[in-house]
Amino acid sequence: RRRRRRGERGVEAMAPTVDREHKGELQELKADLYDEKRTKSALKRMVAHASLAGTPLGAPNVSVLLPDVMHCLESPDVEMKKAVYMFLSALAAHNADAVTMAFNRMVRDVSSPNPLVRAIALRTLTSTRVEHMAGEMVEPVRVGLHDADPFVRKTAALSVAKVFDVSPEVVESGNLISELTELLGDANPHVVANAATALNEIRQRAPFSVLKLDMAAATKILAALNECTQWNQVALLDTLILFSPRSEKEAVTLLERVVPRLNHSNASVVMSAVKLMLYNLSFLRSEDTKKSFALKMAQPLCTLMSLPSDIQWTCLRNLKIILQKYPDVLATADVKTFFCKYN
């Protein structure tokens, strides 16, 4: 009898927690999921509740309704699918194990004829941080990396980094990093930027060398700079740090292409450009050429001193280090830029 009681207690411990406090609301949501006119609004409410899971606000435990949500993925309505995947993403952030029920259905949607559905399914699939399922993500991600649609390819690029975060061994054994590196030569600049972002994330955590750039790859990355968003430009500039010029000519070519970024309105783009230029200055033999490029950084660095105090502090900390190696960088700068200002 004692053994039987212990077994019953174990089953009770494994059973899902009954949310008695929100029982009425959960029943209402369940009914709305099967009402075509109210399904989308019900899913939006469930996304909000799932986002609040684990907070002291007392949101309903909507994970118990996951079996009822699954039938919505069978709908041909793309907006409906988007709402379901938003719910699964919100739920996966706090309860990844619960989302494993939908894993096979998400894998099937990666082969959907609609590129938007393929991308959303792949993004949600790789957001499921369950280590023992990482191996099953490799093939869907590989398919996404070679997809005909650029939106799917750029989603797949970031997915490699997410899978690597869960299981680096799976990504390495699946040869996904080399396939991700190939996207740096993609015709779409946004795909190139996402590939660079993913490789940078992996590089920071990988115990092995992830990427080596040659001049051909660096040229393609430089070509993508003008067509990318400001944050993608930061990712591309940070990736170019991995390129080591083989000659002074290659270094000058790269410096000339990066100089326009010094006039960007985003301080992060400017600082990334400065960092890249400082690295490549060491490959120049001509002191005159080196001084010429160094002086081009003076005005942009001074301009940063007119921005909010947190950016000023970062700029000053970097300037202190830069001046130790290149004391003439601020030779043409207005010294008043660095005066303290009082109200």
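Q: How many salt bridges does the count come to?
A: The model is a predicted one. A salt bridge needs a side-chain nitrogen of Lys or Arg within 4 Å of a carboxyl oxygen of Asp or Glu. By this rule the count is 17 salt bridges.

Q: Where in helix H5 do Glu-79 and Lys-82 lie relative to one another?
A: Helix H5 covers residues 78-92, and the two residues are 3 apart in it, which means a separation of about one helical turn. Glu-79 is partly exposed at 44% relative accessible area, and Lys-82 is partly exposed at 29%.

Q: Which helix holds both Glu-139 and Arg-142?
A: Both are in helix H9 (residues 138-145), again 3 residues apart, or about one turn. Glu-139 is partly exposed, at 45% relative accessibility. Elsewhere, shared partners link Glu-28, Asp-32, Asp-35, Arg-38 and Arg-45 into one salt-bridge network.

Q: Is Asp-32 buried or exposed?
A: The cut-off for buried is under 20% relative accessible area. Asp-32 has 6%, so Asp-32 counts as buried. The side chain of Asp-32 meets that of Arg-38 in a salt bridge of 3.6 Å, N to O, and Arg-38 is partly exposed at 46%.

Q: Which residues touch the most other members of the largest nonpolar core?
A: In soluble globular proteins, nonpolar side chains tend to be buried together. Here the largest nonpolar core has 113 residues, and Phe-87 and Leu-180 touch the most other members. Helix H17 (residues 267-281) supplies the largest share of this core, 10 residues.

Q: What is Leu-180 in contact with, leaving aside neighbours within four places in sequence?
A: The contacts of Leu-180 are Leu-145, Ala-157, Val-160, Ala-195, Ala-198, Leu-199 and Ile-202.

Definitions and conventions:
Residues numbered from 1 in each chain as written. Predicted model: local features only at pLDDT ≥ 70, side-chain atom pairs only at ≥ 80, totals over all residues. Heavy atoms only, no water. Core = buried A, V, L, I, M, F, W, Y, C linked by side-chain atoms within 4.5 Å. Buried < 20%, exposed > 50% of the residue type's maximum accessible area, 1.4 Å probe, protein only. Helix = DSSP H or I, 4+ residues; strand = E, 2+ residues; numbered from the N terminus. Contact = heavy atoms within 4.5 Å.
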